[in-house]
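Subject: Handing over the structure

Hi,

Here is the structure I promised to pass on to you. Please have a look at it first, and my notes follow below.

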Amino acid sequence: MKLAICSLVLLFALSATTVVSAQTTTIDFNSDKVGEAPSGFSTALTGRGKPGKWEVMKDPASPDHGNVLAQTDADRTDYRFPVCVYDGLSAKDVDVTVKFKPVSGRGDQGAGIIWRYQNNDNYYIVRANALEGNVVLYKVENGKRTDLPLIAD
């Protein structure tokens, strides 16, 4: 499973804890150069519009007062979902923790975690949207997004 982050004009700190043969991996951006895309990640776009601009930024409000990942392109094209994919992990059983902070955006202020990522048009995502005040689980298949029910424990 590849991990990916999806957002529109927001900052967030990523701390992914994964179990890979009883190992824990923490992903942060503190060793990445501010103003550039993070190393070990690739970007993609589902839908239309600009692909999105992903860059590392310094955020003193982050949990460790360090660097965060931001999608800074404010393209308001409808049905536009830029993603940033972490390429360095494949796993079967994973616990993921992400903290994010909506900063701006008129059309959208969302972020989420993507899994079972095959390509930019085929994956699952759970997405929180500050403007809509919701969290939604989606399946994206052949570029078409479908809502799925969230099941609570």
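Does F29 count as buried or exposed? F29 has a relative accessibility of 1%, so F29 counts as buried. Before I go further, please keep in mind that this is a predicted model.

Now the overall picture. The protein has 153 residues, and buried ones make up 42% of them. Taking the contacts with a separation of 6 or more, 57% are between residues 24 or more positions apart. The protein exposes about 8,400 Å², and 49% of that area is supplied by carbon and sulfur atoms.

Next, the aromatic rings. There are five aromatic pairs in the structure. One of them joins F29 and F41: the ring centres are 5.6 Å apart and the planes stand at 45 degrees, so this pair is tilted. For that label, the angle has to fall between the limits of 30 degrees for stacked and 60 for edge-to-face. The pair links distant parts of the chain, as F29 lies in the loop between strand 3 (18–19) and strand 4 (41–47), while F41 lies in strand 4, twelve residues apart. F41 has a relative accessibility of 14%, so F41 counts as buried, because the cut-off for buried is under 20%. F29 and F41 also belong to one aromatic cluster together with Y86.

What is the geometry of the pair of Y79 and F81? Here the ring centres are 4.9 Å apart and the planes are at 80 degrees, so the pair is edge-to-face. The two residues can be described by their accessibility as well: Y79 is partly exposed, with a relative accessible area of 24%, and F81 counts as buried at 8%.

The charged end of R145 sits over the ring of Y138, at 4.1 Å from the ring centre.

Then there is the backbone. Most residues other than glycine have a negative phi, so I noted two residues for you to look at. H65 is not a glycine, yet has a positive phi of about 60 degrees. You will find H65 in the loop between strand 5 (54–58) and strand 6 (67–71), and with 52% relative accessibility H65 counts as exposed. The other residue is R116, which is not a glycine either and has a positive phi of about 50 degrees. R116 sits in strand 10 (residues 110–119) and is exposed, with a relative accessible area of 54%.

Where is G110 placed? G110 is in strand 10 too, but its relative accessible area is 2%, so G110 is buried. G110 and V135 are 25 residues apart along the chain, and their C-alpha atoms are separated by 9.2 Å.

That is what I have for now. Happy viewing!

Best wishes

Key
Residues are numbered from 1 along each chain as its sequence is written. This is a predicted model: local features need pLDDT of at least 70, side-chain atom pairs count only at pLDDT 80 or more; totals for chains, interfaces and linings use all residues. Side-chain values use heavy atoms; hydrogens and water are left out. Rings of Phe, Tyr and Trp (its six-membered ring) pair if their centres lie within 6.5 Å; planes under 30 degrees apart count as stacked, over 60 as edge-to-face and the rest as tilted. Helices (H or I, at least four residues) and strands (E, at least two) are DSSP runs, numbered from the N terminus. Buried means under 20% relative accessible area, exposed over 50%, partly exposed in between (1.4 Å probe, protein chains only). A charge sits over a ring if NZ of Lys or CZ of Arg is within 6 Å of the ring centre and within 35 degrees of the ring normal. Contact means heavy atoms within 4.5 Å. Accessible areas come from the Shrake-Rupley method with a 1.4 Å probe; for residues, only the protein chains shown count as cover.
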